[in-house]
Amino acid sequence: MYKLLFVALVAISSVGFTSCNVLQSASKAGVSSSMLSKIGNVLIQDMGSSVLAKSGMGSMASKLNMGTKLSSIMTGDSMVGTFKNMLTSKYGIASKKVDNAYSGFGDLKDVATFIGQNASKKFLSTL
């Protein structure tokens, strides 16, 4: 009887620890939808006031949403440089990490997810 109880206790404990690791890994890899929404709002505001304003396209900021393709906004090397600099300076992400990830950005949701996974704790605590 005690052997069966012991085996059951070990089985339940191991399942519990495994589940915790899976949940922790998922939370590190992903960004919650509420956090993604907050980051997206800040990103769109920053795009308008920083990247688009410097290129004379500030009025376009009101048309941005999370599905906006980054390639439709970034029209030149200067804008790309300003954008990468914004990610580094405003969100505390290392420039090498931004450079490596840039080619994988399809839309602003991709960028917001990247920010959620890589931004400094200081920035994320302000949301």
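Trainee: Is T82 buried or exposed?

Mentor: T82 has 18% relative accessibility, so it counts as buried. Buried means under 20% relative accessible area, exposed over 50% and partly exposed in between, with a 1.4 Å probe and protein chains only.

Trainee: And where is T82 found?

Mentor: In helix α4, residues 77-91. Helices (H or I, at least four residues) and strands (E, at least two) are DSSP runs, numbered from the N terminus.

Trainee: What is T82 in contact with, leaving aside its neighbours within four places in sequence?

Mentor: S50, V51 and K54. Contact here means heavy atoms within 4.5 Å.

Trainee: Before I go on, what should I know about the source?

Mentor: This is a predicted model, where local features need pLDDT of at least 70 and side-chain atom pairs count only at pLDDT 80 or more, while totals for chains, interfaces and linings use all residues. Residues are numbered from 1 along each chain as its sequence is written, and side-chain values use heavy atoms, with hydrogens and water left out.

Trainee: OK, the whole protein now. How many helices and strands?

Mentor: Seven helices and zero strands. Of the 127 residues, 31% are buried.

Trainee: Which residues touch the most other members of the largest nonpolar core?

Mentor: M74, F83 and I115, out of 30 residues in that core. A nonpolar core is a set of buried Ala, Val, Leu, Ile, Met, Phe, Trp, Tyr and Cys residues joined through side-chain atoms within 4.5 Å.

Trainee: Which helix gives the most to this core?

Mentor: That's α2, with seven residues.

Trainee: What does I115 touch, not counting residues up to four places away in sequence?

Mentor: I39, L43, L87, Y91, I93, F123 and L124.

Trainee: Switching topic: at what angle do α2 and α6 pack?

Mentor: About 110°, with their axes 9 Å apart. Axes are lines fitted to C-alpha atoms, for helices over the stretch in contact, and angles run from 0 to 180 degrees between N-to-C directions. The two helices are therefore roughly perpendicular to each other, a label that covers 65 to 115 degrees; under 35 is roughly parallel, over 145 roughly antiparallel and the rest oblique.

Trainee: Which residues make that contact?

Mentor: From α2, L36, I39, G40, L43 and I44; from α6, L108, K109, V111, A112, T113, I115 and G116.
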